[in-house]
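Good morning, everyone, and thank you for making time for this.

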Amino acid sequence: MTLLLAPNVNSYKRFAAASFAPTTVAWGQDNRTCSLRVVGHGTSKRFENRVGGADLNPYLALSAIIASGLHGLDAGLKLEPALVGNAYVADERERVPKTLHDARELFASSAVAREAFGDEVVAHYLNAADVELSAFQSAVTDWERYRGFERL
């Protein structure tokens with residue numbers, strides 16, 4: 001569901017170690033290095049999904065979070081132990097996709113996304129990712145110009 005939480009090429013630039021943006025699929029108690037952070041006590045206990053950035057569509061992000069949670073409940077998935085410590089160095093845990101392309105491929109193969117949203121909606125957001133990736137791949141950036149002139 002990362003595609004709905006990080007919908008643009010630049011969304012993935014923030015997923016870097018020591019950035020307080022998550023790179024590891026894990027949850028932890030008041031742990032800002034995890035994708036899901038549980039904070040508070042008693043009736044004020046809540047969770048934060050730290051994957052989404054400022055560029056997400058809040059309706060799509062909330063839909064993805066709810067669909068994922070319902071899937072976990074319906075499938076009876078067991079919650080893994082909380083990650084204690086620095087999630088950036090937790091090698092045994094799955095990683096947040098590093099690029100829009102990676103997120104697009106995961107979304108395309110997600111039975112959970114297809115069950116929650118239907119094939120037409122999934123196809124629509126795959127197409128949106130394809131359009132974004134195509135535009136990105138056809139652009140020549142300032143960095144590429146600089147590197148090209150430096151080496152020519």
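Let me begin with a term: contact means that heavy atoms lie within 4.5 Å. Helices (H or I, at least four residues) and strands (E, at least two) are DSSP runs, numbered from the N terminus. What you see is a predicted model, in which local features need pLDDT of at least 70 and side-chain atom pairs count only at pLDDT 80 or more, while totals for chains, interfaces and linings use all residues. Residues are numbered from 1 along each chain as its sequence is written, and side-chain values use heavy atoms, with hydrogens and water left out.

Which residues of H3 meet H5? On the H3 side they are Leu100, His101, Arg104, Phe107 and Ala108, and they meet Val122, Tyr125, Leu126, Ala129, Asp130, Glu132 and Leu133 in H5.

As for the geometry, H3 spans residues 100–108 and H5 residues 119–138, and the two pack at about 160 degrees with axes 10 Å apart; these axes are lines fitted to C-alpha atoms over the stretch in contact, and angles run from 0 to 180 degrees between N-to-C directions. H3 is therefore roughly antiparallel to H5, a label given to angles over 145 degrees.

Stepping back to the whole protein, there are six helices and three strands, which follow the pattern α-β-β-β-α-α-α-α-α along the sequence. The C-alpha atoms fill a box of roughly 60 × 40 × 25 Å, taken along the principal axes. Of the 152 residues, 31% count as buried, that is, under 20% relative accessible area with a 1.4 Å probe, protein chains only.

Definitions and conventions
Angles under 35 degrees count as roughly parallel, over 145 as roughly antiparallel, 65 to 115 as roughly perpendicular and the rest as oblique. Buried means under 20% relative accessible area, exposed over 50%, partly exposed in between (1.4 Å probe, protein chains only).
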